[in-house]
Amino acid sequence: MSKSYFDETHCAFGHPKSTFMQWMLTVDHKRIGIMYAVVMFTFFFVAVAAALTMRFELFAPGQQFIDAHTFNQAFTLHGVIMVFLFIIPGIPAVFGNIVMPLMIGAKDVSFPRLNWFTFWLYIIGCIVALSSLFNFNIADGKLVFNFADTGWTFYAPYSLNTDTNVVTALVAAFILGMASILTGLNFLVTIHRLRAPGMDFFKMPLFVWGIYATAWIQLLATPVVGITLILALLEKYFGIGIFDPSKGGDPVLFQHLFWIYSHPAVYLMILPAFGIMSEIIPAFSRREIFGYHTIALSSASIAGVGYLVWGHHLFTSGMSDTAKTIFSFLTFFVAIPTGVKFYDWVATMYKGKIVLATPMLWALGTMITFAIGGLSGVTIAMIGADIHLQDTYYTIAHFHYAMLGGVVFLFFAGIHYWFPLVFGKMYNETRAKLAFYILFIGFNLLWFPMFIAGYYGMPRRYFDYLPEFQIYHQISFWGAIIFVSGLIFMFYTLIQGIRKGKPCGVNPWNATTLEWHLPSSPPPLENHTKVPYVDFRPYEYYHGQPVVKFDENMKRID
Amino acid sequence: MAHDSHEYIPEIAVDRNGNEHVVQGWQGDNYGGKLGFWLFMLTEVMMFGAMFMVLTYYFTLHHADFIKASSELDRTLGGINTVVLLISALTMGLGLLKMRSGDVKGAKLMIWATMLLAVIFLGVKALEWTNDYKEGIFLGLQGLQSGNEFSKPFGEILFFGMYFTMTGLHGFHIIIGIGLMLWLLKRINSGKVTPEHNILHFNIALYWDLVHLIWVFVFPYFYMTGAGAIHG
Ligand code: HEM
Ligand SMILES: [Cu+2]
């Protein structure tokens, strides 16, 4: 059998013999992607544990298991991990690394060493974040849980005054931001420089378009939040008074600077996810994607307009009415390119030969959950409605539908789609589908009631509530239990797939894009042994069969 | 396996008509290296841009305080530094030209000259900060904290706070620049950077230009807004 990237690798320096060191020093984009996935999902489960703790606490009004202060730390921990450690590196760090170079016929990213460095920067960020969990009390030698209690948004002035470990959390977010910038930079250059001959921008697979638009956001928006966090740190130590009103500063300025990044950041999360959707839908409808250009350009315009809408997080901050109206209008506007994508996906499936394999199930499920997440977002883009709904569970339900039911679900879709590519094996599809149904039902039970509770006024970030909200929280609790069981089952199935799955060949899904035309499965170290000349569109099907075929030298033979 | 970028032979892709096309690899991709560094410069611009925005915002709120605070800065030292940095940009650029024309020795000389100017810049900066410190103007000193008897007005605290933050961050970039130049010299000496393969030299020159460009904005913003104001 031919050697795969699991058997040999290039290292950042030296030629270590041990497998372990070969992984630690590897510059291979596929291995780095896998390492990101392992670390990210480990943290994901930590954050899920924090969420479950909150759900237990919220089972009944009053105090059950944790006190109010710990609850504040729990949602901060949950939010910080989910956002900064998990979903911002997210799909780009994993599939941007593993799949994007394969899709454009590159041997690696443009700066493989920088990629290695970026991964370790990410790890350093994670370690700093972990170090902010506890304070070591020298007097009695005890570890005291002292994570920040500010919420993941670190709003001033509270974040400047609390004695919890905000400083380390801010530093961690800064370092993770740097890693994100460098990832974006690497991908931008890769996409500009390393496309196979003949592949112009409009012959790229749509996932690459998603990564491309994302990379621009990573590059241009992240520095703003980075410097904001630094200013907050300086303010905390030296009392400059940039954000603290008692010192003459303006707390709303912090909110502006924070959301100038953090709103585009949600597109940074969703655009690659949409990219995954645009890969899966044509592959399992056996039809060329409908409206390729509109999907590609809508990614770009979402990234562009997405810059100008941050003010919708500030409707209750006392911002001027003119500004509110403009931000509200622009926010509605972003819904248009998103809607375009949805119609394109649906139109692709129309008259297609739909194959309900696991990735397709995930994609279809997400069309429902993300539609709810996206449309509920439009409702809170209305200024009047938002005055009532801001900081209620309605908003929380909205973004969990968008983030969990959109990004994470599509991430799972991508995992099931590219699993055979990465490992050369197939998981047990029956079980994987069952896991999907459990997760889908659990998710809706978990979050839908929160729309209603929030609509009736259940505020977010509260550890206690009025008795009338109990029924919603209890349904939500059972939803969480089902959801987490589904998660465990899904990961169990995947791990079994890695260990015992059957070899599946290079193109088990009959897909058309270049990553499915590798010489062997799993791929060899330097990807395609021969790079094809790309004079075809990415998703050409004819009567349900891929049009473009290659011989072993990657010359077209159709 | 070809590890060394110099041995790298690009691959050829053949289209259906039998035409050959060179496949761009990541190895030895000078254009890609430049592109990457330009993008990195863009992030720096965004970072400093955000700080300038904060500054502008507060300038509109505390006009008089800003002008007064600015008038207390030392325009002579700041001016000297501006000139020093300007000349260093020249030497850096000349160094790159010399490298390209094959004069490696001259290029090294110019890099040393740039480093010397950078050190002078830092020295002047240190002197300036020390003087400020003696006058009670420094991050963390009582004058720059609100709510005590020495407190300056809000606007001035903000002005000086941003002044130290931004010139500090700029100074940090100078220090990094010196480090980069030392590394560059090492690479030149070991023959990794040559008149033909000067991408590293190019990028560091680009970096130095940006550092210099930022100063071109920092200087008028902090030092000149209060020029001509009556000392009080
Ligand atoms: C396992 C599924 C999840 C459960 C059960 C869950 C549950 C919760 C709960 C109970 C809260 C607290 C709401 C409040 O009291 O205000 C919360 C907040 C939050 N969640 Fe999740 N969540 C899950 C997944 C996710 C994911 C995948 C993300 C990814 C982005 C995420 C991001 C957040 C954020 C940003 C907050 C706000 C934290 C804050 O208020 O600072 N969650 N979640
Ligand atoms: Cu937003």
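Tutor: One definition is needed at the start: helices (H or I, at least four residues) and strands (E, at least two) are DSSP runs, numbered from the N terminus. The model is predicted, so local features need pLDDT of at least 70 and side-chain atom pairs count only at pLDDT 80 or more, whereas totals for chains, interfaces and linings use all residues. Residues are numbered from 1 along each chain as its sequence is written, chains are lettered from A and ligands numbered from 1 in the order in which they are written, and side-chain values use heavy atoms, with hydrogens and water left out.

Student: Where does T294(A) lie, then?

Tutor: T294(A) belongs to helix α11 (residues 292-305) of chain A. Its relative accessibility is 37%, which makes it partly exposed; buried means under 20% relative accessible area, exposed over 50%, and partly exposed in between (1.4 Å probe, protein chains only).

Student: Turning to ligand 1, how many residues surround it?

Tutor: There are 22, and the closest are H78(A), W152(A), Y393(A), H400(A) and R461(A). A residue is near a molecule if one of its heavy atoms lies within 4 Å of it.

Student: Which helices each supply at least two residues of that shell?

Tutor: They are α2 (29-57), α3 (68-87), α15 (393-423) and α16 (429-455) of chain A. By class, the shell has 16 nonpolar, four polar and two charged residues. Here Ala, Val, Leu, Ile, Met, Phe, Trp, Tyr, Cys and Pro count as nonpolar, Asp, Glu, Lys and Arg as charged, and the others, Gly among them, as polar.

Student: What coordinates the iron atom of ligand 1?

Tutor: H78(A) and H400(A), each through NE2, coordinate the iron atom at 2.0 Å. The two lie in helices α3 and α15 of chain A respectively, so the pair ties together parts that are 322 residues apart in sequence.

Student: Which backbone lies 2.9 Å from an oxygen atom of ligand 1?

Tutor: That of W152(A), through a backbone N or O atom. A polar contact is a pair of N or O atoms within 3.5 Å.

Student: Now the copper ion (ligand 2): which residues are its protein donors?

Tutor: H263(A) (ND1), H312(A) (NE2) and H313(A) (NE2) lie 1.7 to 2.0 Å from the copper ion. The spacing of these donor residues in sequence is H-x48-H-H. H312(A) is buried, at 11% relative accessible area.

Student: Back to helices. What does α8 of chain A reach from its first C-alpha to its last?

Tutor: Helix α8 (residues 166-193) has 28 residues and reaches 41 Å, close to the 40 Å expected at 1.5 Å a residue. The expected span is 1.5 Å times one less than the number of residues. In α8(A), 21 of the 28 residues are buried, so the helix is largely enclosed by the rest of the structure. Helix α4 (residues 90-98) of chain A is also largely enclosed, because nine of its nine residues are buried.

Student: Where are the cis peptide bonds?

Tutor: One runs from A156(A) to P157(A), with omega near 0 degrees, and P157(A) is in the loop between β2 (142-145) and α7 (158-161) of chain A. Another joins S521(A) to P522(A), with omega near -10 degrees; P522(A) sits in the loop between β4 (502-503) and β5 (541-542) of chain A. Most residues other than glycine have a negative phi, and most peptide bonds are trans.

Student: What about phi at K351(A) and N510(A)?

Tutor: Neither is a glycine, yet phi is positive: about 65 degrees for K351(A) and about 60 degrees for N510(A). K351(A) occupies the loop between α12 (321-349) and α13 (358-379) of chain A and is exposed, with a relative accessible area of 70%. N510(A) lies in the loop between β4 and β5 of chain A and is partly exposed at 28% relative accessibility.

How values were computed. A polar contact is a pair of N or O atoms within 3.5 Å; within protein, one must be able to donate a hydrogen and the other to accept it, and residues adjacent in sequence count only if both atoms are side-chain atoms. Donors are N, O and S atoms within 2.8 Å of the metal (3.2 Å for Na, K and Ca); water is not among the atoms, so sites may look incomplete.
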